[in-house]
Amino acid sequence: MLFGALVWLFALFALSGLIFFVVVALVSFSDLDSDYTNPVELCSRLNGLLLPEYALFGAMVVAFLLGGCWIEIVLNLPLLVWFCQAYVRREHRLDPTKVFQQMPTKRMEAYIKLGFFMVSFFFYLYRLVFYLVQGYLDSDD
Amino acid sequence: MQMKQKASAPFPPLPEAFADMSIDSATEKAQAQQQAQAQAQAQAQPQQAHRPTPAGPTFTPEMNCPQEYLSMSVNAIPATAQLLTKSALPVGCVIHPLITDAEIPVVSFSGKIVRCRVCRTYINPFVQWTDHGHRWRCNMCDFINDVGGDYYSPLSVTSGLRRDINDRPELKSGYVEFIAPSEYMVRPPMPPVFFFVIDVSYQSVASGMLATVASSVRRFVNEYHENPRTRFGVVTFDNTVHFYNLKSSLSQPQMLTVPDLQNMLLPVPEDELLVNLSESKQVVLQLLEKLPKMFAGSQQVGCAFGSAVQAAAQVTKRVGGKLLCFLTGLPTHGEGKLNRRDDAKLLGTDREHTLLCPADPGDFYKSAALELSRLQVTADLFVCTSTYVDLSTVGLLPQITGGQVYYYSGFAAQRHATRLSDDLLDNLTRTTAWEAVFRVRCSKGLRVHAHFGHFFIRSTDLLALPTVDTSKSFGIQLSVVETITQPQAYIQSALLYTTSAGERRIRVFTSSIPVVSTIAALYSAVNEQTLVDIVARMAIEKLSSARLSDTREAIVRKLIDLLTVYRSQVTPSGGALPLPEQMANAPLYTLALVKHPAFRGGSDTRPDERAAQLAVLRVAPVDEACVHMHPRLICLSPGSLPSGDTDPATMPTPLALSSAQLDPRGVFLFEDAQSVLLLVGRATGPQLLGQLFGVEAITDVDTTMTTLPEVDNDYNRRVRAIVAAARARHAWPLSLQVCREDVPAERALVVSRLVSDHSHGFYSYHEFIAQLQRQLSLKSK
């Protein structure tokens, strides 16, 4: 029982990390717009965050796999597929010479990811509580 | 103001050309005749589209920035975004900031430069003075600014203009230069810096490149160099990098080799490697004399170009400047070494465009270029070889730092030495702007959508240009973001730079463009050459992610879209191929673009050649780009030269670019943006040869000559005057090459560029017109 709860707990922590990375990206974009940073710095910062982001997300999916939570895996599948596609097509890294052209797209992507992660966060929280409460109620019988 | 004599209509009268066209139906033939007549009429008109008067109570036509500096693709702005998309017209402009021998009014403000407080637009002729001249309304953002005490002048009652307008060039003309006070400098103005990065491997010595470069630079130092602040430095490389200590106190230059290619450290302080040219003149001259001899017997074939560039960056990092890099092979040693990826099997296939994108290990060149840009260093690249150098990757250096690519395929001293020497001297002596930034601002409702050219975008809309010179231009594409309610829209471009004399200046161009709300008005304001240039630049952008065939198709589809919209919106009852007057030559230019060496099909264009041509199209000013796409072919046979004219340099009308025009008994002049070719027909009579070259048979014609021989007769004088005039009307020196039609390789130089032929797997001009008509009639069904 405890193991199941651990899966969701881990997912919640991973998600907070992922949300943090997306927020850093969004703040960096607005910094670029208001001239607080330059494209080279921005790209090195955001490209450095890519590996941790993929690692966290991958770990979360693996945790779900181990825990056998199929709904969550299905929900995360589109994002997983999208990450893999970007990696294979080598578009995942930001290019300082093209960043101003790509910014509207990247910003939209960041907002969508943020929305998705926020919804997932509350959904996993609900699932965790549900699981714990159910386990408590079951053990009461 | 001195302005270059523009060539009159470069296109041939078409009716004869259409005479042998085999079109099936009689009606089509009649329509083709009609259209040919319309085209002939269009050519009789001046090339430049009508420049509308800026509307408004106090504006006059002289206030607009002249077309040479800022030319719009469409001299009108659509009022809404829907209108822009519906019209399918690419609305944008091409800005050519520096023009040779141009006089531009210079203004010095006693205090700060007058700019709008909100949008930072510079004061320009189109602002509106309110409150009896005490305040001014910015034409870009409508903010009302206060006028400082020292700038105030009462308004004239009759005209509404300021009383002191004749003393203020910035309020009278749309092109002006401000002297920038110290707020516009982050460091003291830099001196001109020329740093040479020269390949000294076996290939470079054997082909004669090293000797040519050394003698050209010696000529520059001796004859052309005047500026007492210029700094100079040299680094040579084969498979190691060599530095040269040029301290003025030395009796002779000292060569220092650094063996470690990975961690480039300077062996001596940089002020001994980058010296003041006037002070160290003798040491420099000694070095340039010795350089070819030092490496004369070199058998090294390695190339440590990446490391050499890093070394150069280390030397120039405190000052900035210009790197002139001479390369004769693929970088094989040290940092930035590249692999050969020019698989001949890929040419002509769908995967050919991958050869035009930078290679993966090319990340080195991108980050090196970004670093150079940060240090205010531009890299110009002279590639003197026909072996593969992966110009798509190495070319990132000039592309991101605002430099230029010079490509001499199959460099051999006999043939190319004069060309290289002329180009190098032009590069060193032309007007150059140092440590520059460039920004374009537009009025409310408009936004800059994309920039085209060689630069690095350092911040929103801000282009970082370590160097700009007279051969560079920038393309801007505009988009409409909200409905424009004003009758006029405004564009202002500002180039903040340091002159070679060490003065900080701001060159401001402002143009006023009428806002229209119908498609007909847009199409009647099209500026054909700029439109074609913008389409070409957009196609170059597309090439970085799409296949060559897709790019060509997109170019043709753009033309078809324009014609479809024109037909459906403006002339629903027009013929089979309705063309607006201003776009009469658009199909010809489209065909020329699709067959340009950068884009054309077939499998005989090498990737380096394509990359070099793309680099030319990206920066060339509008008229050069158009002549490069559609070169000029003139017949120089005695019978074709215009008679009864006092000026020997008057040129005959240009011919259609088809091989049917190449009379084997004639002599032809073929002019594009890089060279002037004199094609001698294979059956040219001995009399003509004698008059022109002083020889009897075509086999005696020396095709390595770079100037025509002076033979004492009128015809020779006229031909030489015409050739000189053709070479003089360009922004940079053109080389002359004599080609014999009986030598297939030389004939191919001209014939491969004849766009009206059926060549490179694409239609001839007549077939293309027929194809367009077919597509249009399909679309209207």
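Leu137(A) lies in helix 4 (residues 99–140) of chain A; helices (H or I, at least four residues) and strands (E, at least two) are DSSP runs numbered from the N terminus. The model is predicted: local features need pLDDT of at least 70, side-chain atom pairs count only at pLDDT 80 or more, and totals for chains, interfaces and linings use all residues. Residues are numbered from 1 along each chain as its sequence is written, chains are lettered from A and ligands numbered from 1 in the order in which they are written, and side-chain values use heavy atoms, without hydrogens and water.

**Exercise 1.** Identify the nonpolar surface patch to which Leu137(A) belongs.

*Solution.* Like charges are joined within 9 Å, and nonpolar side chains (Val, Leu, Ile, Met, Phe, Trp, Tyr) within 5 Å. Step two gives the members: Met118(A), Phe122(A), Leu125(A), Val129(A), Val133(A), Tyr136(A) and Leu137(A). Together they have about 680 Å² of accessible area, by the Shrake-Rupley method with a 1.4 Å probe, where for residues only the protein chains shown count as cover.

**Exercise 2.** Determine how many disulfides the structure has over all chains.

*Solution.* A disulfide is a pair of cysteine sulfur atoms within 2.5 Å. For Cys116(B), the closest cysteine sulfur, in Cys141(B), is 3.5 Å away and therefore too far for a bond. Likewise, the sulfur of Cys138(B) is 3.5 Å from its closest partner, in Cys119(B), again too far. The search of the whole structure gives 0.

**Exercise 3.** Describe the setting of Gln486(B).

*Solution.* Gln486(B) is placed in the loop between strand 21 (474–480) and strand 22 (488–498) of chain B. Its relative accessibility is 30%, so Gln486(B) counts as partly exposed (buried is under 20% relative accessible area, exposed over 50%, partly exposed in between; 1.4 Å probe, protein chains only). Leaving aside residues up to four places away in sequence, Gln486(B) touches Asp142(B) and Val515(B), contact meaning heavy atoms within 4.5 Å. The side chains of Gln486(B) and Asp142(B) are joined by a polar contact of 3.0 Å. A polar contact is a pair of N or O atoms within 3.5 Å; within protein, one must be able to donate a hydrogen and the other to accept it, and residues adjacent in sequence count only if both atoms are side-chain atoms. Another, of 3.2 Å, links the side chains of Gln486(B) and Thr485(B).

**Exercise 4.** Decide whether Thr530(B) is buried or exposed, and list its contacts.

*Solution.* Thr530(B) sits in helix 15 (residues 528–543) of chain B. At 2% relative accessibility, Thr530(B) is buried. Not counting residues up to four places away in sequence, Thr530(B) touches Ser71(B), Met72(B), Ser73(B), Val94(B) and Val622(B).

Technical notes: Patches are made of residues with over 30% relative accessible area and no salt bridge: like charges are joined within 9 Å, nonpolar side chains (Val, Leu, Ile, Met, Phe, Trp, Tyr) within 5 Å. A salt bridge is a side-chain nitrogen of Lys or Arg within 4 Å of a carboxyl oxygen of Asp or Glu.
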